[in-house]
Amino acid sequence: MGRPKSRGRIRFPGNPWPDGHAVTEFAWTARVERGTGIWFDLHLRTEDYDAADARSRRAPVEEDEPGASDWESRIVWCNYGRCTLSSTFWAGSARGFLVATDREPLDWRKLPGRVFLVDEPPVDVDGAARPAFNVYLTGHDAAGGHRIAFRREAGKRTFAIDWRGRIALAYGGATEYRHEFEASLTGIPFGGIELPNVADRQRAQDLVDPFVADLREFATRSRDGRILMFPK
């Protein structure tokens, strides 16, 4: 079996791999929630942290620098395999982020000009509110301070996504967001807006209509027993 196709890279400045890690899974979807609006969900997973080492035959994992912190330790990172950063992977534990309401509907044509600031600092690691995204990095850590931007790729229906944010090593007891991540994704298709418990297309359109600037920009499709809406 060949290597999974890379969707881009994610870097964690200061960790043992300055070139970052290939993103082997990425999904961008949306959903409508009655009473609030349209929410975006993102799901990202990387290859194994040391996958590039194996390909380049670098020094084995046992060779950490003396006095390396957990963030700088190749051994610590490799103990946890790979990164998952997602609002969907752990069902019900993250909320994604709100992109449209009836007061501020979604104009699909203007999406590439928007930057979404999500879970801006200060973020309470131990807070009761669900985060926008969960992260498994060096254990179940915490992510916040997200900056997410979408750019349409020329001549295509896909997007490039720039996603940056901050990390607290909560699994090790840290409460401060001392570290950063930078993800650059390319060739990303939009997975559609999923409608909750809607029996037919007319009801789907009625539900979405208050939350989009122009319903005519969207087409309704049925897939696996679900009704979704996609930009035309």
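Hi everyone, let's start with the rings: this structure holds 27 aromatic pairs, where rings of Phe, Tyr and Trp (its six-membered ring) pair if their centres lie within 6.5 Å, with planes under 30 degrees apart counted as stacked, over 60 as edge-to-face and the rest as tilted. One of them is Phe 12 with Trp 77, whose planes sit at 50° with the ring centres 5.4 Å apart, so this pair is tilted. The two residues are 65 apart in the chain: Phe 12 is in the loop between β1 (8-11) and β2, and Trp 77 is in helix α2 (residues 74-79). Helices (H or I, at least four residues) and strands (E, at least two) are DSSP runs, numbered from the N terminus. Phe 12 and Trp 77 are both buried, meaning under 20% relative accessible area with a 1.4 Å probe, protein chains only.

Before I go on, a word on the model: it is predicted, so local features need pLDDT of at least 70 and side-chain atom pairs pLDDT 80 or more, while totals for chains, interfaces and linings use all residues. Residues are numbered from 1 along each chain as its sequence is written, and side-chain values use heavy atoms, without hydrogens and water.

Next, Trp 28 and Trp 108 form a stacked pair, 6.0 Å centre to centre with 10° between the planes. Trp 28 belongs to strand β2, and Trp 108, 80 residues apart from it, to the loop between β5 (97-100) and β6 (115-118). Trp 28 is buried at 1% relative accessible area, and Trp 108 is buried at 6%.

Finally, helix α3 (residues 201-208): Ala 204, Leu 207 and Val 208 are buried there. Down the axis of α3, its buried residues fall within an arc of 90° (taken from the directions from the axis to the C-beta atoms), so they line one face of the helix. Thanks, all!

Note on methods
Buried < 20%, exposed > 50% of the residue type's maximum accessible area, 1.4 Å probe, protein only.
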